[in-house]
Amino acid sequence: QREADSLRRVDEKFVTIITNLGSDSEAIQASTTVSILSFLKPEYQQSHYQVFMTLLANLKVHHSPVIHKLLLKSFVKAFQLHYPLLKEQDKTYGLDLSSAYLYRADLSGYDLSYSDLAFANLQNATLNGAETSLYRAQGIKANLESAWLSGANMQEARLREATFTEATLHGTRLVSARLEGAIMDGAQFQQASMQEAHLEKADLTGAKFEQANVANTFFAGATLDDEALKSLLNTKDKSWKKANFDSDEREKLERMERSL
């Protein structure tokens, strides 16, 4: 009976917190966002999933910048504690991050394979390292502007029309990734593995490809300025010669090579 009463009180407290997150008062929202972290203690393990999903849900709705920052900080703590357990139970579990506001979030070292990133805001997010996986992540128009993705596994990711402006993808694995129509101006692909990646109609103005492997990569209809084309001439083992370009872009590359 004592255990049942204790669980009831915990549930009541949690319901109050959820209600207060929707308050019109920013002060109440802020104090509630901080207090929800108390439910991440070991004695409240049965509530960890609810806390995790509640914070994620609130990152998908409008809040002031101050509340968003507090929510994100709390979410990252809940994520680090609970998400590995979800992935351990189901290797193909995909987290629904669609439309989530994850500006400057540090999710390095986690397996986010199969996740839905549609319309998610991951500007300036950190997703570095070989243990970081976005394998078969999907979703249209994800925003990864200025994100750090060096060394990450993005093989077979399907992120059409995503924004990667000024993103850092040094050594990133992009084999068979579908990035058609992506905005990738100023993106840095040095030493990336990009075999058979689809970059049709992508904006690659000013992109860097030194020592990247672009064998069988598809560039049809992509926007490639002189800076990007010169960079492609320095791909690993001249793999640009095996890539798929529009005829005029290939001719331009060949002229550039002869002029060197």
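**Ground rules.** I number residues from 1 along each chain as its sequence is written, and side-chain values use heavy atoms, with hydrogens and water left out. Because the model is predicted, local features need pLDDT of at least 70 and side-chain atom pairs count only at pLDDT 80 or more, while totals for chains, interfaces and linings use all residues.

**Entry 1: salt bridges overall.** I searched the whole structure and got nine salt bridges. A salt bridge here is a side-chain nitrogen of Lys or Arg within 4 Å of a carboxyl oxygen of Asp or Glu. Side chains of opposite charge can pair when their charged atoms come close.

**Entry 2: Lys252 and Asp226.** I looked up this pair next. Their side chains meet in a salt bridge at 2.9 Å, N to O. The pair links distant parts of the chain, 26 residues apart: Lys252 lies in helix α6 (residues 247-259) and Asp226 in helix α5 (residues 226-232). Helices are DSSP runs (H or I, at least four residues), numbered from the N terminus. Lys252 is partly exposed at 29% relative accessible area, and Asp226 is partly exposed at 38%. Partly exposed lies between buried (under 20% relative accessible area) and exposed (over 50%), with a 1.4 Å probe and protein chains only.

**Entry 3: Glu257 and its lysines.** Glu257 meets Lys238 in a salt bridge at 3.3 Å, N to O. Glu257 is in helix α6 and Lys238 in the loop between α5 and α6, 19 residues apart. Glu257 also forms a salt bridge with Lys241, with the closest N and O atoms 3.3 Å apart. Lys241 sits in the loop between α5 and α6, 16 residues from Glu257. I found Glu257 partly exposed at 23%. Lys238 is partly exposed at 44%, and Lys241 is partly exposed at 43%.

**Entry 4: a network.** I noted Arg160, Arg178 and Glu180 linked in a network of salt bridges.

**Entry 5: the core.** I looked up the largest nonpolar core and found 76 residues. Such a core is a set of buried Ala, Val, Leu, Ile, Met, Phe, Trp, Tyr and Cys residues joined through side-chain atoms within 4.5 Å. Phe164, Phe189, Leu204, Phe209 and Phe219 have the most contacts inside it. The elements giving two or more residues are α1 (2-21), α3 (48-58), α4 (65-89), α5 and α6. The largest share, nine residues, comes from α4.

**Entry 6: Phe219.** I listed its contacts (heavy atoms within 4.5 Å). Not counting residues up to four places away in sequence, Phe219 touches residues including Leu204, Phe209, Leu232 and Phe245.
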